[in-house]
Amino acid sequence: MPQRPYDERLLRRTFDVALQARDAGEHPFGSLLADKDGNVLREQLNGYKSGGGDRTAHAERLLACWAGLHFSLEELAECTLYTSAEPCAMCSGTIYWTGIGRVVFGLSEHDMKGLTGAHVENPTLDLPCTTVFAAGQRPTEVVGPLLADEAAQLHVDFWKEK
């Protein structure tokens, strides 16, 4: 899918958000929602630790749920969710049901699994978000992996420290 002029800048912003999450004791994932012109509407850190160990408190799911409460389907169809790593199957389903029309991600789910291994706090599914979106009835444009080497650096050594 075609990139937009601001995609890399906004994706790198999710890397900064992921570093904020890591510094706050969270898993190093970050997301943001942007409108059709690339204006940031909200940023979201991962929420595993701050959510009391909620294993479903992924940054993408939290952000998509917030977006669904604050914007119409028509508005969300023109929005992009940027995320430091490819949305997992759960997050992809939430993005789909919320109606967000576009996703840009850094590190692929496949490569994430290679970094986390069988870590109890992140038992990564090797299932591309495109597979989840393709099963739906509304289109979801996907760009990624993009800047994957930079995105992977967020996780180097993190899962070994846990």
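Tutor: Two strands count as paired when DSSP finds at least two bridges between them. Strands (E, at least two residues) and helices (H or I, at least four) are DSSP runs, numbered from the N terminus. This is a predicted model: local features need pLDDT of at least 70, side-chain atom pairs count only at pLDDT 80 or more, and totals for chains, interfaces and linings use all residues. Residues are numbered from 1 along each chain as its sequence is written, and side-chain values use heavy atoms, without hydrogens and water.

Student: How many bridges join strand 1 to strand 3?

Tutor: Strand 1 covers residues 30-34, and strand 3 covers residues 80-85. They run antiparallel. The number of bridges joining the two strands is four.

Student: Which strands are the edges of the sheet?

Tutor: The sheet is open, with five strands in the order 2-1-3-4-5 and mixed pairing. An edge strand pairs on one side only. That picks out strand 2 (40-45) and strand 5 (141-143).

Student: Why do the buried residues of helix 5 line one face?

Tutor: Buried means under 20% relative accessible area, exposed over 50% and partly exposed in between (1.4 Å probe, protein chains only). In helix 5 (residues 109-116), Glu-109, Met-112 and Thr-116 are buried. Seen down the axis, the buried residues line one face because their directions, taken from the helix axis to the C-beta atoms, fall within an arc of 50°.

Student: How are helix 2 and helix 4 oriented: roughly parallel or roughly antiparallel?

Tutor: Axes are lines fitted to C-alpha atoms over the stretch in contact, and angles run from 0 to 180 degrees between N-to-C directions. Helix 2 (residues 59-70) and helix 4 (residues 89-98) pack at about 15°, with axes 9 Å apart. Under 35 degrees counts as roughly parallel, over 145 as roughly antiparallel, 65 to 115 as roughly perpendicular and the rest as oblique. The two helices are therefore roughly parallel.

Student: Which residues of helix 4 make that contact?

Tutor: Contact means heavy atoms within 4.5 Å. Helix 2 brings Glu-60, Arg-61, Ala-64, Cys-65, Ala-67 and Gly-68. Helix 4 brings Met-90, Cys-91, Thr-94, Ile-95 and Thr-98.

Student: What is the relative accessible area of Leu-73?

Tutor: Leu-73 lies in helix 3 (residues 73-77). Leaving aside neighbours within four places in sequence, Leu-73 is in contact with Thr-98, Gly-99 and Arg-138. Leu-73 is partly exposed, and its relative accessible area is 46%.
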